[in-house]
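Dear colleague,

Please find the structure we discussed below.

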Amino acid sequence: MTMTPIPPSHGKRGPAGPGPLLPGRRSTVMVVVERPDPEEALRESMDWVEAFGRDCGLVLDPKATELYGVAKASDLKDNLRPPRDGAIAGYLDFICVDGAWLHPGDCPVAPPDSNGAPAWAWAYYQAVMGLDDDAFCTIWDVTPLPLAA
């Protein structure tokens with residue numbers, strides 16, 4: 001899977017739009033950071049989540065933005081098998097890898113031998129399997145504020 005990083009010169013580091021996010025509904029974002037030091041990885045992940053909130057097109061509730069989980073890519077790879085359904089990826093609304101943001105409506109198509117799994121499940125699988133074992137995967141819960149009436 002090829003993902004195109006967003007160059008810093010564009011000023012935006014977050015996604016181009018809200019994708020599947022809905023005002024008032026909690027969503028989940030996975031940010032992958034390829035740093036060997038856990039503290040550096042967490043700091044960089046926080047920067048990406050801030051960029052997400054700034055650039056997604058919706059205002060996120062800062063009180064409802066929280067780190068849900070952290071895992072090394074090697075740990076995720078240990079039990080990850082080619083998808084047969086959308087189970088794992090179905091819990092994610094966005095994935096950020098190498099500065100590229102993906103969501104279910106904007107991800108690479110599933111391979112011809114997809115086992116019937118949706119493209120989003122394959123995007124998650126390919127993103128994780130393509131990582132360096134020492135990369136950190138952080139999962140964040142975010143909630144866009146309801147729209148003003």
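The notes below cover the model, its overall fold and its cysteines.

This is a predicted model, in which local features need pLDDT of at least 70, side-chain atom pairs count only at pLDDT 80 or more, and totals for chains, interfaces and linings use all residues. Residues are numbered from 1 along each chain as its sequence is written, and side-chain values use heavy atoms, with hydrogens and water left out.

The protein contains 3 helices and 5 strands (DSSP runs: H or I of at least four residues for helices, E of at least two for strands, numbered from the N terminus). Their order along the sequence is β-α-β-α-β-β-α-β. The C-alpha trace spans about 45 × 35 × 30 Å along its principal axes.

Of the 149 residues, 42% count as buried, a term that means under 20% relative accessible area with a 1.4 Å probe, protein chains only. Among contacts (heavy atoms within 4.5 Å) between residues at least 6 apart in sequence, 82% join residues at least 24 apart.

As to the cysteines, the count comes to 0 disulfides, a disulfide being a pair of cysteine sulfur atoms within 2.5 Å.

Yours sincerely

How values were computed:
Buried < 20%, exposed > 50% of the residue type's maximum accessible area, 1.4 Å probe, protein only.
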